[in-house]
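Please look over the structure below.

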Amino acid sequence: MYAVENDIALNVAGVTKKFVKSEGFPWPWKRRRNGDQNGRQNGNGRRTVVAVDGVEFQVHRGEVFGILGPNGSGKSTLVRCLSTLLLPDEGSIAVFGHDVLQEEMVVKRLINRVSVDASFFKKLTPMENLLYGARLYGLGAREAKRRALEILERLGLEREPIFQPMEEMSRGMQQKVAIARAFLTQPIVLLLDEPTTGLDPRSKREVQAFVEELRDTHDATILLTTHDMQEADALCDRIAILDDGKIVALDTPAGLKSLVPSINGHEPTLEDVFMELTGKQLVKDEDEKSE
Amino acid sequence: MIQLIRELGASYAFVERNFNLVKRYWGWEVVWLMYSIANALSITFIGAGTEAVTGQKIDTNHMILYLLVGTLVWHYLSVVFDNVSELIAWERWEGTIEYTFMAPITRSTHMIGQTLFSLVYGLLHTGLILGVVALFFQLDLRGANFGGSVLILLSGSLSFIGLGIVASVLPLLFPERGAQMTHVIQALLLLFSGVYFPISVLPGWMQPLARLSPATYVLEGMRAALLDGAGTGELGGHLGRLVVIGVVALPLGLAIFGQAEKYAKRTGKLKRSG
């Protein structure tokens with residue numbers, strides 16, 4: 001096992017990630033766009049988009065840390081950097097003191113991730129998908145099956161669909177399997193990237209209850225990105241508000257709310273906080289496609 | 001030792017997953033097998049019909065075997081190449097690429113798993129086709145050097161695995177068109193390697209290029225072993241070239257893939273849609 005004595009589970013220091021987007025060949029007769037709000041045209045048919053801009057925070061062991069932001073604010077890019085899938089252009093990230101670039105394999109053993117898309121081999125059954133994932137993390141088949149059944153049943157999945165192709169499952173059920181896949185490997189840091197986006201209210205509540213249970217009963221540090229402020233309010237110990245790739249505020253839910261004066265005697269919501277700090281609405285459209 | 005067992009277990013994950021996928025897509029597997037059998041039979045019937053078409057007396061058994069070796073060897077090599085080169089394309093298609101790349105395994109472990117599957121699958125598939133074709137033709141393989149042909153096939157597999165790994169970089173770098181590009185490579189190998197004809201009939205400028213393809217040596221070696229009964233010593237030249245190509249292509253493929261993976265992580269091309 002790797003050293004995890006450090007009380008700082010995640011140390012994100014000045015992380016910046018830019019993407020160069022191609023706009024096709026710059027034919028002289030084509031009118032070029034002059035870059036959008038966070039894009040910079042560089043004259044050769046490409047524009048640079050700053051997805052994450054100098055982000056800095058620490059997450060303590062056992063904490064549920066929320067990143068609240070609208071679609072396109074850089075939440076998923078940041079999670080990809082944390083999960084070794086993207087290399088930051090600037091700054092550093094350490095998981096329990098292990099640098100994600102220098103000690104990639106160690107970090108991979110400490111983390112797991114649930115993304116907004118429950119990405120699976122849809123023709124395979126949940127059990128086959130979980131067994132595949134478990135083997136990659138060094139788990140034996142018998143142990144993996146036992147644990148998978150335990151977690152899936154805890155998440156409210158009946159036994160029959162566990163052995164049927166995933167394409168026959170609802171999105172909510174697939175997302176529960178995604179959570180089981182992440183939890184099966186017993187990560188010390190769990191990255192939940194909009195795990196409840198697009199779920200029906202019941203599935204959403206069940207997933208949230210599981211996160212609450214993890215928080216209360218397991219030694220897991222959770223980083224949760226969401227644009228659901230009630231979810232962030234209910235689950236997170238601290239919340240960072242991300243807008244255009246930058247953290248504009250970071251505090252406990254109560255601390256954030258105290259930044260905004262109460263309106264007509266009502267306690268402000270995180271939505272009010274977000275609007276006050278960024279001048280934007282947090283969720284423009286519930287069905288809006290995630291970044 | 002524990003690390004080795006863990007890596008082997010992780011490699012087996014790819015073998016098991018792929019056979020599970022084969023099981024689930026059984027309808028397509030049947031179609032693919034039927035098509036491959038029909039293709040092999042059609043090409044072999046060209047050999048059976050050459051005498052009737054040309055009106056000239058030829059060694060029909062030799063012609064049938066010549067074409068049959070071509071079609072079977074090419075089938076096997078292209079299955080290996082396809083399965084190795086599509087390791088990224090499959091995962092992109094299914095949307096699982098980020099999860100596989102997040103797993104704590106080396107890329108070699110990933111490749112070994114995919115390669116083992118492709119070898120077993122390729123041999124099973126080709127064996128089935130051979131079994132069916134044998135029902136249609138009286139194949140006279142007296143005097144064939146089967147041991148030598150197996151050696152040629154194994155060493156040829158190494159180089160095709162290396163080429164497959166290099167080709168798998170394309171879907172990594174070009175999420176939308178990379179998979180199509182790998183088929184272009186495969187088509188060029190088919191054309192240049194003398195699958196159904198000796199490379200001496202190719203135009204002069206194509207012949208040196210044909211000598212760069214490992215498939216050329218596999219096919220020449222297999223024909224020499226099976227049709228002419230060449231001894232293993234006589235196959236040494238072909239074996240040596242194939243081993244050299246394999247020894248160069250495998251680590252080169254892994255190194256190129258490693259660089260491409262870094263590039264993909266820098267530019268965000270590991271995402272499902274790229």
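A pocket is an open set of points on a 1 Å grid over the protein atoms alone, with protein on both sides within 12 Å along at least five of seven lines; a cavity is a set where a 1.4 Å probe fits but cannot get out; lining residues have an atom within 4 Å of a point. Grid points are joined across faces, edges and corners, and a volume is the space filled by probe spheres set on the points.

This is a predicted model: local features need pLDDT of at least 70, side-chain atom pairs count only at pLDDT 80 or more, and totals for chains, interfaces and linings use all residues. Residues are numbered from 1 along each chain as its sequence is written, chains are lettered from A and ligands numbered from 1 in the order in which they are written, and side-chain values use heavy atoms, with hydrogens and water left out.

**Pocket and cavity**

The second largest pocket holds about 980 Å³ of space. It is lined by 28 residues, and those closest to its centre are B:Glu29, B:Asn83, B:Glu86, B:Trp90 and B:Trp93. Elements of chain B that give two or more residues to this lining are α1 (2-24), α2 (26-54), α3 (60-85), α4 (87-94), α6 (107-136) and α8 (178-192). Helices here are DSSP runs (H or I, at least four residues), as are strands (E, at least two), numbered from the N terminus. The top contributor is α4(B), with five residues. By class, 16 lining residues are nonpolar, five polar and seven charged. Ala, Val, Leu, Ile, Met, Phe, Trp, Tyr, Cys and Pro count as nonpolar, Asp, Glu, Lys and Arg as charged, and the others, Gly among them, as polar.

How many cavities of 30 Å³ or more does a search of the whole structure find? The search finds one. The volume of the largest cavity is about 130 Å³. Of its 13 lining residues, A:Tyr132, A:Gly133, A:Leu136, A:Arg181 and B:Tyr99 are the closest to the centre. Two elements, α3 (126-136) of chain A and α5 (97-102) of chain B, each give two or more residues to this lining. The largest share, four residues, is from α3(A). The lining has six nonpolar, six polar and one charged residues.

**Aromatic pairs**

Rings of Phe, Tyr and Trp (its six-membered ring) pair if their centres lie within 6.5 Å; planes under 30 degrees apart count as stacked, over 60 as edge-to-face and the rest as tilted. Over all chains, the search finds 11 aromatic pairs. Two of them are set out here.

| Pair | Centre to centre | Angle of planes | Type |
|---|---|---|---|
| A:Phe121 and A:Tyr132 | 5.9 Å | 80° | edge-to-face |
| B:Phe45 and B:Phe136 | 6.4 Å | 90° | edge-to-face |

A:Phe121 sits in the loop between β7 (111-114) and α3 of chain A, 11 residues from A:Tyr132 in helix α3. Both A:Phe121 and A:Tyr132 are buried (buried is under 20% relative accessible area, exposed over 50%, partly exposed in between; 1.4 Å probe, protein chains only).

B:Phe45 is in helix α2 of chain B and B:Phe136 in helix α6, so their pair ties together parts 91 residues apart in sequence. B:Phe45 is partly exposed at 41% relative accessible area; B:Phe136 is partly exposed at 48%. Ring pairs also join B:Phe19, B:Trp90, B:Phe117 and B:Tyr121 into a cluster.

B:Asn145 caps the N-terminal end of α7(B), with a side-chain oxygen 3.5 Å from the backbone nitrogen of B:Gly147. A:Thr16 lies in strand β1 (residues 8-22) of chain A. A:Thr16 is buried, at 5% relative accessibility. Its side chain reaches the backbone nitrogen of A:Gly54 at 2.9 Å.

Terms used:
Polar contact = N/O pair within 3.5 Å; in protein donor to acceptor, adjacent residues only side chain to side chain.
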